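Please examine the sequence and the structure shown below before reading on.

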Protein chains: 2
Amino acid sequence: MRNKILEQAIRLFGSSGFEGTSIQTIADAVGIKKPSLLYHFNSKAKLRDEVYKHLFDHWKSELPKLLATTSEDPFGSFIKALVEYFQDDPNRSKIAVREMLDRPEFVRKVISEELRPWVKLVSDYIRMGKQSGVVVEDIDPESYIILVIMMVIGTVAVGDVLSSLVVQENIDTDKVIIEELKRIGRKALFKKS
Amino acid sequence: MRNKILEQAIRLFGSSGFEGTSIQTIADAVGIKKPSLLYHFNSKAKLRDEVYKHLFDHWKSELPKLLATTSEDPFGSFIKALVEYFQDDPNRSKIAVREMLDRPEFVRKVISEELRPWVKLVSDYIRMGKQSGVVVEDIDPESYIILVIMMVIGTVAVGDVLSSLVVQENIDTDKVIIEELKRIGRKALFKKS
DNA sequence: CCTACCGATCGGTAGG
DNA sequence: CCTACCGATCGGTAGG
């Protein structure tokens, strides 16, 4: 039951936002009464925290594995894992973006404590590539990483909306945007690509 | 008075979202009573529409001018204008992102009708550069444009949050991210840069 | 997990 | 532009 509630909360918080979703609506979607929902999660705020935690925990366990893997194309495999996770349920990136807008201080604190060491690892790795001559010299590793993450999350969260700047119907526009994202990322990172 | 209401609505919709902002809160911020606000804007939905229209109208008038200007660095001047507009009041990009999440169908319709011709112009321009040999061959112009816009809006809307992936205090992180954004954009667009 | 109920706040109207 | 007021819905509790 608890998981069924979390599932519907993720879906509804993603499409309508936290303030735009009442616990009544979530309870209806699950098929229970409001007080029953509040038995599992003591308050709406508590439910939000657990939704957030649920989505975040994936990366706390997955990132170490991902960055430890040796691959002949570390860039490609990292982007692929990032895209796959968010594309698997677009509500994940929608919630991520919404949280950054709704609770900037909270998100800042969390990613600063939990994710920064890993970003440091990647930026050091880029700096090494710079010294060994495979990475372009004028890159700013930290900004580069932030912008790539921004493109990935942005594409999955609102890419279908922005793609109407370009085409009427949009089946699979995501795929071609992701391909271009990889091309841009590579071109801006490597000397030869 | 009407403008004072719009001003506060933009500020509050930006920071707390449409559903997260009551007309009471807006009225308080302006210093009038709720029914007085509803005299100027008949309903909350109507107020949202006018806020949206107010922000959008800028581009309907500015884009033609911007794209008609001949410059020795069209890329640089375009990015600069885009960044300056959004940075002038970060609530603009926050509202843009929020609208894409909250009302995807509506935003899709609006940008499809109003902005698509201009994006077509830019993508044709990129294609010309491709033929004349100054632009890289493997670019997908439409996806490229979408991703650049995504980076700009993303940087202004949530760049300060994501920058905590990298630094503790963030004064002027925006500026260095925007510089890296331009570098990435150029590198992925031009053969020589 | 439910019924019954709470005060507070929501968007909005009547009427001046 | 205000006072006074509306029904509906909000998050949440008591009690079984």
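## Residues around the DNA

Of the 15 residues around DNA strand C, those that come nearest are A:Met1, A:Lys33, A:Ser36, B:Lys34 and B:Lys44; a residue is near a strand if one of its heavy atoms lies within 4 Å of it. Sugar and phosphate make up 51% of the atoms of DNA strand C that come within 4 Å of the protein.

This is a predicted model, in which local features need pLDDT of at least 70 and side-chain atom pairs count only at pLDDT 80 or more, while totals for chains, interfaces and linings use all residues. Residues are numbered from 1 along each chain as its sequence is written, chains are lettered from A and ligands numbered from 1 in the order in which they are written, and side-chain values use heavy atoms, with hydrogens and water left out.

## Polar contacts

A base nitrogen of DNA strand C lies 2.8 Å from a polar side-chain atom of B:Lys34.

## Arrangement of the chains

Chain B is superposed on chain A by a rotation of 180 degrees with 0.0 Å of shift along its axis (RMSD 0.0 Å), using least squares on the C-alpha atoms of residues with pLDDT of at least 70 in both. The two copies are therefore related as by a two-fold rotation axis.

Conventions
Polar contact = N/O pair within 3.5 Å; in protein donor to acceptor, adjacent residues only side chain to side chain.
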